[in-house]
Amino acid sequence: MGLPELESMAPAIGVSVPVLRFLLCFIATIPVSFLHRFVPSATGRHLYAAVTGAVLSYLSFGFSSNLHFFGPMLLGYASMVLCRRYCGIITYVAAFGYLIGCHVYYMSGDAWKEGGIDATGALMVITLKIISSVINYQDGLLKEEDLREAQKKNRLLELPSLIEYIGFCLCCGSHFAGPVYEMKDYLEWTERKGIWKPSEKGKPSPFGSTLRALLQAAICMGLYLYLVPQFPLSRFTDPVYHEWGFFKRLGYQYMAGFTARWKYYFIWSISEASIIISGLGFSGWTNSSPPKPRWDRAKNVDVLGVELAKSSVQLPLVWNIQVSTWLRHYVYERLVQKGRKPGFFQLLATQTVSAVWHGLYPGYIIFFVQSALMIAGSRVIYRWQQATKGTMFEKKLVAMNFAYTLLVLNYSAVGFMVLSLHETLTAYGSVYYIGTIIPILLILLSKVIKPPRPATSKARKAE
């Protein structure tokens, strides 16, 4: 489709030309991924993954996008070839440094907020892929007894070829919005090994799960388009908003966060459909009779799990699932010293890395610091739940944790959406910083009044 057609179509559906071009290329990842199934050899599939990813990047973002992608990709590969012992830390610093430079240069957050788009979002996904593959190659030097389960599963004993590495990074456009997956899984899928090896259970059909993901995407986009005109972010700095009562302002914050999430649900549903139909989304068979295929490798969000989360601790397990998994394996767990338990420092450091990965906007940093406080506060309530198991207080504390999560999540999300320091503090101040004060009070309270041990623990100790 030529540029004149795009220029006439874009205003008709209420988006800019760059966003429409991205959406068309993004949706095209579904048929492109489907055709990957029919490429005859492993080498051919690696080549197809690399070429189609590069072409879709060019069509969506222009020629410069591939230059931005190949810079850190080749640097990561060179570090594996030349300095395996330290390639992880070298690539971590260099890849993140380059990503931050692109965030600052392109001011990508402002572009996204105003309805524009650039290649920085795709570079974010590629950065995580580069780092994970390089670290897993470095882990191949370590003794197995010194490794965690995730390290044992994902480590690379041999250097991937350059075409395998590029195919992994750009695979059929999966770098547009994720999900992030491991190099070892990509290699086994491409070479038809591991769970992708032909078996007596037959070849799993992806079509039912693909259709489910596409239906979910259609519903999510419909809801987003219906809600977004009613809850614009500009309202937070509107004098009318500040004339409302406290509970109306708090309700608007909830609806603004609720509305914004449907856009992400749509994007992740499309990317899930793309990975499923390629076959990479296959994650094994159920134990039922007859066995059924599972397709959760590509799952990046559980919509009901987010909206009905009983605890803030559950949110990383149901929101941006694959990035949360990456952060756990490549930040959180690696900051925990052997024989020691993780604490608030590991949580805060992980959330800070996530904030920097998104961009150096005050709103991102405040949101992820807020989310660390939110999770820590939720853990306090959960400990009280455990201590009151079987009593009349347990259900009240469960309801309290649900309400707490609902309140603090949507309060915190305002920073992620508006980005600027002034707008974030204005919105937080309009509800008297309630979503910051409550988690801090809970954390302080847990230091002063420690919950008693659960009755079951006492019984076990007595035994």
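How many nonpolar, polar and charged residues are in the lining of the largest cavity, by class? I got six nonpolar, one polar and two charged. I counted Ala, Val, Leu, Ile, Met, Phe, Trp, Tyr, Cys and Pro as nonpolar, Asp, Glu, Lys and Arg as charged, and the others, Gly among them, as polar.

This is a predicted model, where local features need pLDDT of at least 70 and side-chain atom pairs pLDDT 80 or more, while totals for chains, interfaces and linings use all residues. Residues are numbered from 1 along each chain as its sequence is written, and side-chain values use heavy atoms, without hydrogens and water.

Largest cavity. I noted a volume of about 50 Å³. Its lining includes R261, E307, F402 and T405. Helix 19 (392-418) gives the most, four residues.

Second largest cavity. I noted about 40 Å³. Its lining has four nonpolar, six polar and no charged residues. Helix 13 supplies the largest share, three residues.

Cysteines. I found zero disulfides, a disulfide being a pair of cysteine sulfur atoms within 2.5 Å. For C172 the closest cysteine sulfur is in C171, at 4.0 Å, so it is too far for a bond. C172 is buried, at 2% relative accessibility (buried is under 20% relative accessible area, exposed over 50%, partly exposed in between, with a 1.4 Å probe and protein chains only).

L156. I also found L156 buried, at 6%. Beyond neighbours within four places in sequence, its contacts (heavy atoms within 4.5 Å) include R84, Y137 and M183.

Conventions
On a 1 Å grid over the protein atoms alone, a cavity is a set of points where a 1.4 Å probe fits but cannot get out, and a pocket is an open set with protein on both sides within 12 Å along at least five of seven lines; lining residues have an atom within 4 Å of a point. Grid points are joined across faces, edges and corners, and a volume is the space filled by probe spheres set on the points. Helices (H or I, at least four residues) and strands (E, at least two) are DSSP runs, numbered from the N terminus.
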